[in-house]
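Here is my note on the model, in numbered points. Keep the structure open beside the text and find each residue as you read.

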Amino acid sequence: MSKPKERKPNTDEIKKQVKARAAKEKENVIPANKSSQINQSRYSVEDGYWCRIKYSKEGKELPIPLCNFTARITEENIIDDGQDTNHLFTVEGRLFDKIPLQKLDIPAEKFPGLSWVLKWGSRCCLEPSYTVREFIRYAIQRASPNAPVKTHYGHTGWREINGEWVYLHAGGAIGTGPDMPQVSVRLSREIERYSLPLTPFYRQEGAADFLAAEKNGLEASLRLLDIGSRAVTIPLFCLVYLAPLTTLLNPMPNFSFYLFGQSGTFKTTVALLALAHFGNFGGADCLSNFEDTPGILEKRSFILKDTLHVIDDFHPSSNRRAAESKEGIAQRMIRAYSNRTARGRLNSDMSERGRYEPRGMMLMTAEEQPTLESTLARVCIIEVTDGSIERGPLSEVQAAAGKLPYAMAAYIRWVRENMDAIKETFPGRFRELRAKAAADGFHKKLPEQAAYMGFA
């Protein structure tokens, strides 16, 4: 008797059997509830260590240690200096998930490399692995889903925000009101003293006191004219009130101020009184000087927009190389401010990086005159001799230096209210003042300087 033929399963049935077997095996290796956990949370803290979670074939959690600290991004800050934007991540951490670590501001481009962890000291350790840095970087970002993004301005001076012109300084902006969101300004530690009082528009009960402070500040500023020889005080007074007009005028001022005299003639003290109109400058600490690199001086000339940049203490040096270096810096900065130019740069990809042209006014203090004839034509030289400054009136203005920023704040508000008229009337008034200075027998390099100062 012949055997019956076995029925062969068709192709569709085979596919169904394979899929069913695969689904059953998947359930045995990774349970359904574990699958969602993998997508939602792949990191945990085990005994103070930040760990990456893996799953065995049986579905068990296997913590893989990454480092002995936890961290998260609490803020993302964007600094806008008018040309570039610099992104900073504010990172907070805890050692062993218990001991608070120093808050750090990390440039975004340096964040993935984790070299900044060294600032937390030797106790913060990363496990040895080729990929551990990438896992930690990812873990920090996953732990920071709601970090607020804030925009700050990284320069002083005039800026148009939401269709309104405001004057930026370290303390905020002059010209803002209840209808404009708060304006934040972030400057480096060396120049964060450029801070002016803000109008108390939200505290009307303090308006009378504020107006009294402005009046006292203006009176103190006018007394600057009486601390000594008018040949010294008048140019400095003009410089103080020309600086906030720098980028509003077309063309911009094409010269700098050069205050020179022997040691002990109070030249730095007088320069600080001029600078005190823009903030708290009770001492010469953190002033730009000739020990700074040309690059940082150039960057500050760009950041300090519509304000006064003092470069202090150009003095003779017995070392020939040091003397040549200082002379080179002085010549470079004088030319940069006069020509409103800066050295061009390239990024690593050969694209243009942009220039840091000076956008304010410069006052250089020195113990000797510049040597090159071409440099002399680019500076307003103010000589301070022994006896040019009277100690008594100088001390009185020094005692009132804290009031001077109120004078500048009042002046800037007036400029803001009359900005269109200033821009419109400047060209004609400038030509008039320049012609008058030339007719009065000024040296040929002085009429333009006199016209700018006279307009201010």
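**Notes on the fold**

1. Start with the contacts. Among contacts in the protein chain between residues at least 6 apart in sequence, 66% join residues at least 24 apart. Contact means heavy atoms within 4.5 Å. This is a predicted model, where local features need pLDDT of at least 70, side-chain atom pairs count only at pLDDT 80 or more, and totals for chains, interfaces and linings use all residues. Residues are numbered from 1 along each chain as its sequence is written, and side-chain values use heavy atoms, with hydrogens and water left out.

2. Now the overall count. The protein chain has 13 helices and 16 strands. Helices (H or I, at least four residues) and strands (E, at least two) are DSSP runs, numbered from the N terminus. Of its 456 residues, 44% count as buried. Buried means under 20% relative accessible area, exposed means over 50%, and partly exposed lies in between (1.4 Å probe, protein chains only). The accessible surface of the chain comes to about 25000 Å², and 50% of that belongs to carbon and sulfur atoms. These areas come from the Shrake-Rupley method with a 1.4 Å probe; for residues, only the protein chains shown count as cover.

3. Three strands form an open sheet in the order S9-S10-S11, with antiparallel pairing. Its edge strands are S9 (157–161) and S11 (172–174), and each pairs on one side only. Neighbouring strands here are turned by 45 degrees against each other on average, direction ignored. Two strands pair if DSSP finds at least two bridges between them. Strands of a sheet pair through backbone hydrogen bonds, either parallel or antiparallel.

4. How many bridges join S9 to S10? There are five, and the two strands run antiparallel. Arg-159 stands opposite Val-166 in S10. The hairpin of S9 and S10 has two residues between the strands, and Asn-162 there takes a positive phi near 55 degrees. S10 (residues 164–169) also pairs with S11, over three bridges in the antiparallel sense. In that pair, His-169 stands opposite Gly-172 in S11.

5. What packs on this sheet? Helix H11 (residues 404–417) does, touching S9, S10 and S11. The direction of H11 makes about 60 degrees with that of S11. Axes are lines fitted to C-alpha atoms, for helices over the stretch in contact, and angles run from 0 to 180 degrees between N-to-C directions. Four of the five residues of S9 are buried, so S9 is largely enclosed by the rest of the structure.

6. Turn to the nonpolar cores. The largest has 75 residues, and Phe-257 and Leu-363 touch the most other members. Helix H5 (residues 230–242) gives the most to this core, with eight residues. A nonpolar core is a set of buried Ala, Val, Leu, Ile, Met, Phe, Trp, Tyr and Cys residues joined through side-chain atoms within 4.5 Å. Not counting residues up to four places away in sequence, Leu-363 touches several residues, including Leu-236, Phe-257, Ala-271 and Ile-311. A second, separate core of 23 residues includes Trp-50, Cys-67, Ala-71 and Trp-120.

7. Asp-292 deserves a look. It is found in the loop between strand S13 (288–289) and helix H7 (294–303). The Asp-292 side chain reaches the backbone nitrogen of Asn-289 at 3.0 Å. It also makes a polar contact with the side chain of Arg-300 (3.4 Å). A polar contact is a pair of N or O atoms within 3.5 Å; within protein, one must be able to donate a hydrogen and the other to accept it, and residues adjacent in sequence count only if both atoms are side-chain atoms.

8. Follow the chain into H7. Pro-294 sits in this helix and, at 28% relative accessibility, counts as partly exposed. Buried residues of H7 include Leu-297, Arg-300 and Phe-302. Their cover includes S13, strand S14 (308–314) and helix H8 (320–339).

9. Finally, check the backbone. Most residues other than glycine have a negative phi, and most peptide bonds are trans. The peptide bond from Asn-250 to Pro-251 is cis, with omega near 5 degrees. Leu-114 has a positive phi near 60 degrees and, at 3% relative accessibility, counts as buried. Phe-266 has a positive phi of about 70 degrees, but at 23% it counts as partly exposed.
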